[in-house]
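I opened this notebook to keep track of what I looked up, one entry at a time.

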Amino acid sequence: MSPPDQPPFDPEAVPTEAIVSRGGRDLRLTWANGEAAVLPSETLRLRCRCAWCTRDRIQGRFPESFPAV
Ligand SMILES: [Zn+2]
């Protein structure tokens, strides 16, 4: 268990930079240690667990694809 003055997540895991690129089709993340990742926007949207996306899945209205964010 972490001390009470620590956040409930690993601060090192938080990206230092997040850039939407390729006209909204990618999210480019960079971390303080120099690591980087490019995540397709469509992958992020299709895996979204927010209340709106969850409701749309339950109601059968969730889109099958997202060309960009
Ligand atoms: Zn969502």
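**Entry 1: the strands**

How many bridges pair S1 and strand S2, and in which sense? I found five bridges between S1 and S2 (residues 26–30), and the pairing is antiparallel. I noted that the model is a predicted one.

I then looked up two of the facing residues. Ser21 has Asp26 in S2 as its bridge partner. Ile19 is placed opposite Arg28, also in S2.

**Entry 2**

In what order do the three strands lie? I read the order as S1-S2-S3, in an open sheet with antiparallel pairing. The edges are held by strand S1 (17–21) and strand S3 (36–40). Each of these has a single partner strand, so one side of S1 and one side of S3 have no neighbour in the sheet.

**Entry 3: Ser41**

I went on to helix H1, which covers residues 41–46 and includes Ser41. Is Ser41 buried or exposed? Its relative accessible area is 2%, and the cut-off for buried is under 20%, so Ser41 counts as buried.

I also checked a polar contact of Ser41. A polar atom of the Ser41 side chain lies 2.6 Å from the backbone oxygen of Gly24.

**Entry 4: the zinc ion**

Which residues coordinate the zinc ion? I listed Cys48, Cys50 and Cys53, each through its SG atom, at 2.2 to 2.3 Å. Along the chain, the donors follow the spacing C-x1-C-x2-C.

I looked up accessibility for two of these cysteines. Cys53 has a relative accessible area of 6%, which means that Cys53 is buried. Cys50 is at 28% relative accessibility and therefore counts as partly exposed.

Note on methods:
Residues numbered from 1 in each chain as written. Predicted model: local features only at pLDDT ≥ 70, side-chain atom pairs only at ≥ 80, totals over all residues. Heavy atoms only, no water. Donors = N, O, S within 2.8 Å, 3.2 Å for Na, K, Ca; no water. Buried < 20%, exposed > 50% of the residue type's maximum accessible area, 1.4 Å probe, protein only. Pairing = 2+ DSSP bridges. Helix = DSSP H or I, 4+ residues; strand = E, 2+ residues; numbered from the N terminus. Polar contact = N/O pair within 3.5 Å; in protein donor to acceptor, adjacent residues only side chain to side chain.
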